[in-house]
Amino acid sequence: MDKTIWCFVDESWHGNGREHIGVLAAAMGAKRDFDALDKEIYRVRKKYFGEAHARDLRSELKGKDLFSNFSFKQQQTGYSKNLSAAREILEWMGTSSIRLVAVCIYGDTKPPLLSSDLKLLSVPFRELCVRLWAQVPANEYGHLVFDQRLGAQEDISISIFNYLAGIKGDQRLLPHPLIGVSNVWSGLQLADMVAYIIGKYSMGDDRFDIWYRRLKKFQAEGKDHHGQSVFGFLRLQWDGKDQYVVRKIRTKK
């Protein structure tokens, strides 16, 4: 029996002139879940974009395309195939065991996701790992897969390795993250969609309220290393230096 929980991680960046936000989002589940997601994404691509598109492994579904301004304008006239495709994929998630983790980081300027010291894992990535760890069942292992376009891949891998290898006791996340290609890993495509939705919602775009509510049904929940309950979605405010605090409100008043 496969004891691996796959954790596919992607990032998304947004800004509205007043604030900047970075999102780290992860979709996690067993191999059977992502095998089924492969089939679902193929079905959806074939239905809405044609068989040639579905078979083309150099193409993929991306959040910025599915949720473009043009897609929402089409919906206003009655139909958007992009939004319909996204809706069917999120509805399918209700048949799977895939759960979601997302860490949003706000800043007056673009917030950093990595620490300058590779011996230290940054707060955003540490909080991501805590939430992933909490969702992995005892006696199973979580394996992280980052999108190849994620910034500073080598630095991420080194920092993750140093952090996870230093955890004593119950180790549920393997300290050897992988780098994946999103157009052939359906889990990374899903993580990209999740990161984009949460980023736009966190910026206050009301068009994404309903999409965020759909995602929240699949929010991970578990207990961390100290036995404290943690939820999969977290907002952090960066102070411009090295400090982060939990942010309760979604947008500035």
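This is a predicted model: local features need pLDDT of at least 70, side-chain atom pairs count only at pLDDT 80 or more; totals for chains, interfaces and linings use all residues.

At roughly what angle do the axes of helix H4 and helix H5 cross? Select residues 69-76 for H4 and residues 81-92 for H5: the two axes come within 8 Å and cross at roughly 95 degrees.

On the H4 side, pick Ser71, Phe72, Gln74 and Gln75; on the H5 side, pick Lys81, Asn82 and Leu83. Colour them by class and the contact of H4 with H5 splits into 2 nonpolar, 4 polar and 1 charged.

Next stop: another helix pair. Select helix H1, residues 31-49, along with helix H8, residues 186-202. Their axes sit 9 Å apart, and the packing angle is about 75 degrees, so H1 and H8 are roughly perpendicular to each other as well. To see who meets whom, show Phe34, Leu37, Asp38 and Ile41 from H1, then Ser186, Gly187, Gln189 and Leu190 from H8. In this contact of H1 with H8 you'll find 4 nonpolar, 3 polar and 1 charged residues.

Time for some charges. Jump to helix H2, residues 51-55, and display Glu51 and Arg55. They're 4 residues apart, about one turn of the helix, and their side chains form a salt bridge with an N to O distance of 2.9 Å.

The largest pocket holds about 230 Å³. To find it, select Ser115, Ser122, Val123, Asp242 and Tyr244, the closest to its centre of the 13 residues that line it. What's the make-up of the lining of the largest pocket, by nonpolar, polar and charged residues? Colour the lining and you get 6 nonpolar, 3 polar and 4 charged.

Conventions:
Residues are numbered from 1 along each chain as its sequence is written. Side-chain values use heavy atoms; hydrogens and water are left out. Axes are lines fitted to C-alpha atoms, for helices over the stretch in contact, and angles run from 0 to 180 degrees between N-to-C directions. Helices (H or I, at least four residues) and strands (E, at least two) are DSSP runs, numbered from the N terminus. Contact means heavy atoms within 4.5 Å. Ala, Val, Leu, Ile, Met, Phe, Trp, Tyr, Cys and Pro count as nonpolar, Asp, Glu, Lys and Arg as charged, and the others, Gly among them, as polar. On a 1 Å grid over the protein atoms alone, a cavity is a set of points where a 1.4 Å probe fits but cannot get out, and a pocket is an open set with protein on both sides within 12 Å along at least five of seven lines; lining residues have an atom within 4 Å of a point. Grid points are joined across faces, edges and corners, and a volume is the space filled by probe spheres set on the points. A salt bridge is a side-chain nitrogen of Lys or Arg within 4 Å of a carboxyl oxygen of Asp or Glu. Angles under 35 degrees count as roughly parallel, over 145 as roughly antiparallel, 65 to 115 as roughly perpendicular and the rest as oblique.
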